[in-house]
Amino acid sequence: MDLELLERTLADAGEPAFRARQVWAWAARGAEGYDAMTDLPVALRAHLDVSVPFSTLTVADQVESSDGTVKALFHTADGRPVEAVLMRYRNPLASGRGGADGGARAGGRRSLCLSSQSGCPLTCTFCATGTMKFGRNLTTSEILDQALHFRRIEPVDHAVFMGMGEPMMNLDNVLAACRRLPDAGITNRRTTISTVGWIPGIDRLAQTDMPLRLAFSLHAADDALRSQIMPVNERYPLAEVLAACRRWHEAKRRPVFIEYVMLAGVNDRYEQAAALARVLDPKIYKVNLIPYNPSGSPYDGSRAQAIETFRAALGEHGVRVTVRLTRGRDIAAACGQLAAARA
Ligand code: SAH
């Protein structure tokens, strides 16, 4: 819901200041509508119902993957497309009990992939979002309403700003949303902001009091290749971004997660793993290799064997490394596949 409109409406109605917090607390816990807010006067509930739309987003489409992942396509009030994803992970304690959903419903981690912009102004060559038209930054309420939509389905506990857009280009609204996500069950320690390497944003994140996680989409350890696949590298070259990540680490004393999408014959050779290891201080970084998800780009994903060889090479060089579990590929909900214009 539009929280500014809510506050104005309540103030105009002569309601006490605590009302806005009361309404928000209900919404954050997954209330289906104003009607569910039983400690609000009935007349006020009816007034809010006509004055403050319960969500700033309307659901245009929703699909569920065979692995339990749910992708929602929303429209903003001015018709901009926004996608967000709920990822359900298996509870290790419930292993063996899983059915077609991999045991997800038995109560494992529930992670939201949230969008910060409608579309994206950057043009990373392997990402579907970069090929759609950039719309605009999302408001704080539009970011929160993505989370609340899924919170109404079930409890959630993690969030990653890895949906559409570059969160660091809309950092005020992203941070304002992060301040409220704990009310919906998602603490700052379980919230990750992922960036192409937007240096001013990384430095601002180092200054916030919130213990948010930082992920950096690195994808190539040499500037020439990185600029070719991620034009933003011309503006913020790798060495400068890594220096900003180091500053963030010194301020926060937490690891920086490196995302590295595996593109066959482009960035997956042994020497490239060695070069990556050379630029990453193992005390600061943890690498997450991302199997490429088809996004209509000219690339092919590295084969499983190539990913494993690359992983082993990084490991040999002392780098902490994991391979990202692919979720929701069958419904184009996986990393780099969010492009509502074509959904
Ligand atoms: N703009 C931010 C947030 C988007 S995060 C960022 O780039 O970090 C989305 C993640 O998925 C990024 O690491 C992005 O590089 C990666 N990605 C993009 N296209 C992909 C694809 N086709 N397959 C796998 N990962 C992809």
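Guide: A residue is called buried when its relative accessible area is under 20%, exposed when over 50%, and partly exposed in between (1.4 Å probe, protein chains only). This is a predicted model, in which local features need pLDDT of at least 70, side-chain atom pairs count only at pLDDT 80 or more, and totals for chains, interfaces and linings use all residues. Residues are numbered from 1 along each chain as its sequence is written, and side-chain values use heavy atoms, leaving out hydrogens and water.

Visitor: Which residues of helix α2 are buried?

Guide: In α2 (residues 18-28), they are Arg19, Ala20, Gln22, Val23, Trp24, Ala27 and Ala28. Helices (H or I, at least four residues) and strands (E, at least two) are DSSP runs, numbered from the N terminus.

Visitor: Why is the pair of tryptophan 198 and tyrosine 236 called edge-to-face?

Guide: Rings of Phe, Tyr and Trp (its six-membered ring) pair if their centres lie within 6.5 Å; planes under 30 degrees apart count as stacked, over 60 as edge-to-face and the rest as tilted. Here the centres are 5.1 Å apart and the planes stand at 75 degrees, so the pair is edge-to-face.

Visitor: What makes tryptophan 198 count as buried?

Guide: Its relative accessible area is 11%, so tryptophan 198 falls under the 20% limit.

Visitor: How do you know that tyrosine 260 and phenylalanine 310 are stacked?

Guide: Their centres are 5.1 Å apart, with 25 degrees between the planes; the limit for stacked is under 30 degrees.

Visitor: What makes arginine 109 a charge over the ring of tyrosine 89?

Guide: The rule asks that NZ of Lys or CZ of Arg be within 6 Å of the ring centre and within 35 degrees of the ring normal. Arginine 109 lies over the face of tyrosine 89, at 4.4 Å from the ring centre.
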